Amino acid sequence: MTPDGPVAIMVRLTARPGCEEKVLGAVSALIEPIRQHPHCLYYDFHVRADDPACFVSYEVWTSLENFRTHLASPFIAALQESARELLEYPLAYDILYSVKPARAGETVPFAEGTQLS
């Protein structure tokens, strides 16, 4: 299954013990440049609440081809090279295709009675 349109990507990084702050700093420096990429529709970077060594980005790109081109860009290649000593495992990512894409401005409501905590 390969859609013609946008794809969501989840990237997982696990810092080596003691390298959490270096990984956070390296990736934090890239957040704005990635968000400004003309084919990046959405980018957010997270730290797992239960494990400060685990990081996840959630990204939406105009196409899988454009995401792969982004991965080959010099600044991402440089990050991957320098991060080898900081990461417990190689960078891993999942490619996600929407079952039913939302339209601009559309939200999906929670079921009545759902509580967020």
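These legends describe close-up views of a predicted model.

**Figure 1. The whole chain, from end to end.** The protein has four helices and four strands. Along the sequence, they follow the pattern β-α-α-β-β-α-α-β. Of its 117 residues, 30% count as buried. The accessible surface comes to about 8200 Å². Carbon and sulfur atoms hold 56% of that surface. Contacts also reach across the sequence. Among those between residues at least 6 apart, 68% join residues at least 24 apart.

Figure 2. Helix α3 spans residues 64–71. Its buried residues are Leu64, Asn66, Phe67, His70 and Leu71. Seen down the axis of α3, these buried residues fall within an arc of 160°, so they line one face of the helix. Glu65 and Thr69 sit on the other side of α3, and both are exposed. The spacing of such positions follows from helix geometry. An α-helix has 3.6 residues a turn, so residues three or four places apart point the same way.

**Figure 3. The packing partners of α3.** What do the buried residues of α3 pack against? Three strands are involved: β1 (7–14), β3 (51–61) and β4 (92–96). The helices α2 (31–35) and α4 take part too.

**Figure 4. Helix α4 and its buried face.** Helix α4 covers residues 74–83. Ile76, Leu79 and Ala83 are buried here. Seen down the axis of α4, the buried residues fall within an arc of 60°, so they line one face of the helix. Which elements do they pack against? The partners are the helices α1, α2 and α3.

**Figure 5. The second largest pocket.** Rolling a probe the size of a water molecule over the atoms shows where empty space is left. The second largest pocket holds about 200 Å³ of space. Its lining is made up of 13 residues. Nearest the pocket centre lie Gln80, Ala83, Arg84, Leu87 and Leu91. Two elements, α1 (20–28) and α4 (74–83), each give two or more residues to the lining. Ala83, one of the buried residues of α4, is also among the residues nearest the centre of this pocket.

**Figure 6. The make-up of the pocket lining.** How many residues of each class line the second largest pocket? Eleven are nonpolar. One is polar, and one is charged.

Methods
Residues numbered from 1 in each chain as written. Predicted model: local features only at pLDDT ≥ 70, side-chain atom pairs only at ≥ 80, totals over all residues. Heavy atoms only, no water. 1 Å grid on protein atoms, 1.4 Å probe; cavity = no way out; pocket = protein on both sides within 12 Å on 5 of 7 lines; lining within 4 Å. Points joined across faces, edges and corners; volume = space filled by probe spheres on them. Nonpolar A, V, L, I, M, F, W, Y, C, P; charged D, E, K, R; others polar. Buried < 20%, exposed > 50% of the residue type's maximum accessible area, 1.4 Å probe, protein only. Contact = heavy atoms within 4.5 Å. Areas by Shrake-Rupley, 256 points an atom, 1.4 Å probe, with all protein chains shown as cover. Arc of directions from axis to C-beta.
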